Protein chains: 2
Amino acid sequence: MPTRLTRTAFILVLAALPSGAYAAKGKTMAEILEASTAADWRTPDPDNLLVLDLPGGRAVIELAPYFAPEHVANIRTLAREGYWNGLSINRSQDNFVVQWGDPAEDPAQAKPLGSAKAKLPAEFARAGYDKTAFHPVQDRDGWSKRAGFVQGFPAATDRKRTWLAHCYGTLGAGRGNEPDSSNGTELYVVTGQSPRQLDLNITTVGRVLQGMEHLSVLPRGTGPLGFYEKPEQRTPIVRLALASALPDAERPRLEVLRTDTATFDALVEARRNRSDDWYLHKAGHIDLCNIPISVRSPK
Amino acid sequence: MPTRLTRTAFILVLAALPSGAYAAKGKTMAEILEASTAADWRTPDPDNLLVLDLPGGRAVIELAPYFAPEHVANIRTLAREGYWNGLSINRSQDNFVVQWGDPAEDPAQAKPLGSAKAKLPAEFARAGYDKTAFHPVQDRDGWSKRAGFVQGFPAATDRKRTWLAHCYGTLGAGRGNEPDSSNGTELYVVTGQSPRQLDLNITTVGRVLQGMEHLSVLPRGTGPLGFYEKPEQRTPIVRLALASALPDAERPRLEVLRTDTATFDALVEARRNRSDDWYLHKAGHIDLCNIPISVRSPK
């Protein structure tokens, strides 16, 4: 452990344990990841990957057609046709969301949608509960009958429907007062305490895999709901592209930990009851949105 | 409602309802606050208020001597003697914490503590469960037997002890591996999803009342645990002072909503089941760390 950390780290040290030390205790998250195999990881479909280039850096987002097929199809079309390029992030509300889209107030000045649809059905949840697809966590979820993961996304179900939950990094499609008023042009990412009250009220479409720090640090807007009051305060979108539409050399290379494996279950347990020496009290519990899903660059 | 919000607000509109509309439904948070009386608000003791001046703006923090009397006493001494002035924020880890203190790696170069104590007992929780002081919320908390509020702070209890919970904005005292290795010089503020696994593992000492946006937007450090790799990346602390030690004109003027009133209960209910027209699904639940505690400037 670097010397300076001994003075300043305080709080959370994920150092590897000395070998031999962990026979008697649970493994740490770092140890479990270290022992993972190729089968524990998946490479996201480039047709489901959005690359968001901002002046401060790149965020990579995975779309979830399982939950919102029509929104995802429209978002793909919008991205392929460069809809967001040159638009901006228009809102950053502390402990809530950042949001981007067309800031034009006058519909006559709104950016044309190209071949994307102007109208979509609400896709707040997917009908039914597929036991095969839904990988539950044992912990009780206050917001639903059962929480877990589906295809790598945090999810919840009441057994009649299943939805992609609002956790840190969740991508959603903003809407107005009508349930079916989102078309995927206005997108938001959760940057604060999981706003699960939005679950079943709005269409969630994906999750940020990498580069959250380029969204979460954006200055908070001082207007109502965190909108920027002056156009120059907005963050320009350099490019928002679908990875599959990019030249091979420009596509992000990353792998995501599968959420339907024994390795993932072990990781959740390592977070539920921390085996790091630093932890004196084991929580014996974890909330859905406290469970991280690892992303790595392939070797 | 401003016109531009009709195009871009999407997500969460806290517009006042037309009069007459809310006889039949629950009041909104805005309406409840509007109807609050002077007795619903309290003025924090200036001996419990820290004023943190950063180049980007001011954060105001309320200390919680109820939970950590020895740490709070030491922090008061450190603040009065200007311990943190000229030191820096040395860590910003995405979706976790910012942390400040003395970045010196060499103990020989560490800033002297003045008349503050170098050693304090661990104060992870207060012994016992005082039914009079603890104002519970009805919702089940996965991390404790019961969650609620004590003196305006989010809290939890197992009935043997009561602690200040780790929510967005909670202030804690960093420690090393030994439970009693914190002395209040290293302080952190939660800037991400509530890390409740830290509860009962570290001493929590207060809560940010105002100016969280000056902490939450700090660039994330790229070193281990979000420490900045270069000294020039740190954010200097212009001043960290106790409000009671400031000239009257420089003290923050603010009032905090009491958490032991019918008004507060009504607010929690308004968050548990949103009555805003935008919400189609009422969650019927709220997590402790999703409950906001309002702060206002007195009229």
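Predicted model: local features only at pLDDT ≥ 70, side-chain atom pairs only at ≥ 80, totals over all residues.
Where in chain A is the place of Gln151(A)? Gln151(A) sits in the loop that runs between strand S8 (146–150) and strand S9 (153–157) of chain A.

**Chain A as a whole**

Chain A contains 5 helices and 17 strands. Its C-alpha trace extends over about 70 × 50 × 40 Å along the principal axes. The radius of gyration of chain A is 20 Å, which agrees with the value near 19 Å that a compact globule of 299 residues would have. Of the 299 residues in chain A, 58% are buried. Contacts in chain A between residues at least 6 apart in sequence can be sorted by separation, and 71% of them join residues at least 24 apart.

**The contact between the chains**

Chain A brings 68 residues to the contact, and chain B brings 68 residues. Between chain A and chain B an area of about 6200 Å² is buried, with carbon and sulfur atoms giving 58% of that area. On the side of chain A that touches chain B, at least two residues each come from helix H1 (3–8), strand S5 (97–101) and helix H4 (212–216) of chain A. H1(A) gives the most to this side, with 4 residues. Sorted by class, the side of chain A that touches chain B holds 34 nonpolar, 17 polar and 17 charged residues.

**Helix H5 of chain B**

Helix H5 of chain B covers residues 262–272, and its buried residues include Thr263(B), Phe264(B), Leu267(B) and Val268(B). Ala270(B), Arg271(B) and Arg272(B) in this helix are buried as well. What do the buried residues of H5(B) pack against? They pack against helix H2 (29–34), strand S8 (146–150) and strand S16 (255–257) of chain B.

**Loop residues**

Most residues other than glycine have a negative phi. Gln151(A) is not a glycine, yet its phi is positive, at about 50°. Arg159(B) also has a positive phi, near 75°, in a residue other than glycine. Arg159(B) belongs to the loop between strand S9 (153–157) and strand S10 (161–164) of chain B.

Leaving out residues up to four places away in sequence, Asn273(A) touches Lys282(A), Ala283(A) and Gly284(A). The C-alpha atom of Asn273(A) is separated by 43 Å from that of Glu178(A), a residue 95 places away along the chain.

| Residue | Relative accessible area | Class |
|---|---|---|
| Gln151(A) | 46% | partly exposed |
| Arg159(B) | 42% | partly exposed |
| Asn273(A) | 25% | partly exposed |

Why does Asn273(A) count as partly exposed? Its relative accessibility is 25%, and a residue counts as buried under 20% and as exposed over 50%, so Asn273(A) falls in between.

Key:
Residues numbered from 1 in each chain as written. Chains lettered and ligands numbered in written order. Heavy atoms only, no water. Contact = heavy atoms within 4.5 Å. Buried area = accessible area lost by both parts, 1.4 Å probe. Nonpolar A, V, L, I, M, F, W, Y, C, P; charged D, E, K, R; others polar. Rg over C-alpha atoms; globule rule 2.2 N^0.38 Å. Buried < 20%, exposed > 50% of the residue type's maximum accessible area, 1.4 Å probe, protein only.
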